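Trainee: I would like to go through this model and ask what stands behind each label. Please set the value against the rule each time.

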Amino acid sequence: MALPSYASPVQRTYYYAYLFFCAVVFFFLIAPLIAIVPISFSVSPFMVFTDGMLTWPPDPEAWSLRWYKNMIGDCSADVVSSTVPCSKKWMVGTVNSLFIGIIATAIATALGTMAALGLSRPHMPYKALIMSILISPMIVPLIITAAGMFFFYARINLVYTFTGVILAHVALATPFVVITVTATLVGFDMNMVKAAQSLGARPIRTFFKVIMPLILPGIISGALFAFITSFDEVVIVMFMASIDQLTIPKQMWAGIRQEISPVILCMATCLVILSIVLLTTVELLRRRSERLRGIKSR
Amino acid sequence: MEVIISTAELLTTDGIPLKQSLKKAERRNKIRAFFLVFPLLLFIVVTFVIPIGDMLMRSVDDSQINTVFPNTFEEYKKWDKGEDDLPPEEVYKNLFLELANGDKRQIGKALTRMNYAKSGWKSLIKKTSREIKKIVKKGEEPVSYKDTMIEINKFWADPTYWYSFNQMVNERSSIYYWNALDRTYNEEGDVILQDENRRMYIKTWIRTLKVSVYVTFFCLILGFPVAHLLANLPLRYSNLLMIFVLLPFWTSLLVRTTAWIVMLQQNGVINGVLVWLGILSDDGRIQMVYNETGTLIAMTQILLPFMILPLYSVMRVIPKSHMRAAQNLGAKPAMAFWRVYLPQTIPGMSAGGLLVFVLAIGYFITPELVGGKDGQLIGHWIAYHLKTTLNWGLCAALGSILLFVMLIFYWLYNKIVGIDNIKLG
């Protein structure tokens, strides 16, 4: 969208002001995420750029991996600082987050894919109503969901258990699977199913041999959305998990609330890298899915 | 020549009319489709819809205290407040007996409830219970329960305590909703404003709406040009720039919130840069976080992708020739933009605006962490009553009101955009 050659000086000014404004907004979007990376390598126990970090040539004294060591639970002498506690909590949290995330993702993906298949059939009754119920967990604010689930799960003794947290996360994650898989199924050629069945394949075989290979990119994207939803979720965990059932977001929450420690930034840096990986994967999958369905890349 | 085919007359090979056979097949298909959706539907209903319904019920539920003092309340309802200053003997007697024989844990729960109605109930009943136990142990039966109780504690002759029963004697009560709007019942059972120092919810509701409106507005102002740029650049570049929008969208909310604390705090990056540039003196650093400003800045950045993405998808399909045509016909660029381009982006603006607004009013994590004292939204009080005061009725009422407001806006969103048009990534 370049400027035409006949543009007047005023138009030029507006055009460059507009580009500058966009650049500022892009900077606003991305700068906070970039800024935390160097600070996580700082020696200082405060979350700031120290003077030593800003000099040129770089001052090796100002940089270190001590907070990363702290994060993985290595509490040797050069790591420990009087203001920053060192414990295995971050690693315990990571293991728990992965555990909850993987189980919740598996259940959510299976249930969500099945439902999406049903919803995409032309004969589905009450489609709009069912769809709005199925995606309601995505719409209702988390704090309301957390309150409602806490009251209800307290009645059936599921609070302060991993089971309760996992059930809650499955409920929160399924809308993402349903939406992504339904979107992949738009334009899916149902004649292929009929062809498979007329050749004698039973429904389950048809699914695994014909449908699934074609919609796999959608299923994987949905699963990744589900995983990140569970992996990033803190409100439910705060209310429904017991004090020692730590997860990464819960530990970060505690870190921000009580001990503003640079270790949070190390974990944050790791999570930014994780999100870059996930974003790339989903984008590649989306392109592959469009290719598979014969939709021309835009 | 006209050919009329009636399906009723056509038969399948087994001799069943085609219409009937088709209907049967369709029904079978319907059942199959439903069978696929059923497990998830059941799961969501059990783990999500019922809990939310449970919360709605809890917001009007006052049955616990009614199971503890059923007879007292029954007698209390008969008391004619215009005639007698104090309730009749029967009320005192039933309360005495129910306190003496009731389950201690249940009474404890009821006491918490009574204290919401009037502070002082808890200590009054606790003191009285102790004396009652003594009397019961001795095996005495008081001649007048009324006099005995007043003798134990003179507050039993204070009608304001008795008046507060008004709001508890029914199994369903709207008191929590009134509390959530800074109102309570007075002695006559009329709805009145809370004492000045106890009014915090209306203030927070207004702030929640105000912050949401501001955030939506800022997102629109910041998001519109960016979406326009992305929609009009060649795909090679716009796909690249899209990373700037999608990366924050995919990054953990807590990471982004932490990042804003790092940026905005007094020793933070922004203050540091401003001091380095000489705009601020070293001791004139601005407090930008742990207040409403922090909430506004952080929420705007976090919700901006939700504005840009719908706007982008609308703007991408607006033909570029429209603007050129308008200018060809003599419109100045500004006029062409205002009259031709902008009206076509309204669906995108309303979709993005509603989405951002709805997400903003229910926000909890970010305001809680960067909001400090005066940047909290209503989610804060829901969490506070859920975890700290355990006033679950009030918590549920606040949640229900929020839910109701959300649903109105979602209904609007559905009318304008359609819920099934939600897309990800």
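This is a predicted model: local features need pLDDT of at least 70, side-chain atom pairs count only at pLDDT 80 or more; totals for chains, interfaces and linings use all residues.

Trainee: Why is B:Arg183 called partly exposed rather than buried or exposed?

Mentor: Buried needs 20 or more other C-beta atoms within 10 Å, and exposed needs 12 or fewer. The count for B:Arg183 is 18, which lies in between, so the label is partly exposed.

Trainee: Where does B:Arg183 lie, and with which residues is it in contact beyond its neighbours within four places in sequence?

Mentor: B:Arg183 is in strand β1 (residues 183-185) of chain B. With those neighbours left aside, B:Arg183 is in contact with B:Trp178, B:Val191, B:Ile192, B:Leu193 and B:Gln194. B:Arg198 is 15 residues from B:Arg183 in sequence, and their C-alpha atoms are 9.6 Å apart.

Trainee: Why does B:Tyr290 count as partly exposed, and why is B:Leu390 called exposed?

Mentor: B:Tyr290 has 19 C-beta neighbours inside 10 Å. B:Leu390 has 11 other C-beta atoms within 10 Å. Exposed means 12 or fewer, so B:Leu390 is exposed.

Trainee: How do you know that the length of helix α17 of chain B is close to what is expected?

Mentor: Helix α17 (residues 346-361) of chain B has 16 residues and reaches 22 Å from its first C-alpha to its last. The expected span is 1.5 Å times one less than the number of residues, and for this helix the expected value is 22 Å.

Trainee: Which residues of α17(B) are buried, and what covers them?

Mentor: The buried residues are B:Gly348, B:Ala351, B:Gly352, B:Gly353, B:Leu354, B:Leu355, B:Val356, B:Phe357, B:Val358, B:Ala360 and B:Ile361. Their cover includes α10 (201-232), α14 (292-315) and α20 (392-416) of chain B.

Trainee: Turning to chain A, what is its secondary structure, and how does its radius of gyration stand against a compact globule?

Mentor: Chain A has twelve helices and zero strands. The radius of gyration of chain A is 25 Å, whereas a compact globule of 298 residues would be near 19 Å. Along the principal axes, its C-alpha atoms fill a box of roughly 75 × 70 × 35 Å. Of the 298 residues in chain A, 43% are buried. Among contacts in chain A with a separation of 6 or more, 70% join residues 24 or more positions apart.

Trainee: Which domains does chain A have, and what separates their centres?

Mentor: The domain assignment gives domain 1 (9-71) and domain 2 (89-292) of chain A. Their centres, taken over C-alpha atoms, are 32 Å apart. The contact between these domains takes twelve residues from domain 1 and ten residues from domain 2. On the domain 1 side, α1 and α2 (66-71) of chain A each give two or more residues, and the largest share, five residues, comes from α1(A). That side divides into nine nonpolar, three polar and no charged residues.

Trainee: What makes up the contact between chains A and B?

Mentor: The contact takes 80 residues from chain A and 77 residues from chain B. Helix α1 (residues 9-40) of chain A supplies the largest share of the chain A side, 14 residues. By class, the chain A side has 66 nonpolar, ten polar and four charged residues.

Notes: Residues are numbered from 1 along each chain as its sequence is written. Chains are lettered from A and ligands numbered from 1 in the order in which they are written. Two residues are in contact if their C-beta atoms, placed from the backbone, lie within 7 Å. Ala, Val, Leu, Ile, Met, Phe, Trp, Tyr, Cys and Pro count as nonpolar, Asp, Glu, Lys and Arg as charged, and the others, Gly among them, as polar. The radius of gyration is taken over C-alpha atoms; the globule rule is 2.2 Å times the number of residues to the power 0.38. Domain bounds come from an automatic or database domain assignment.
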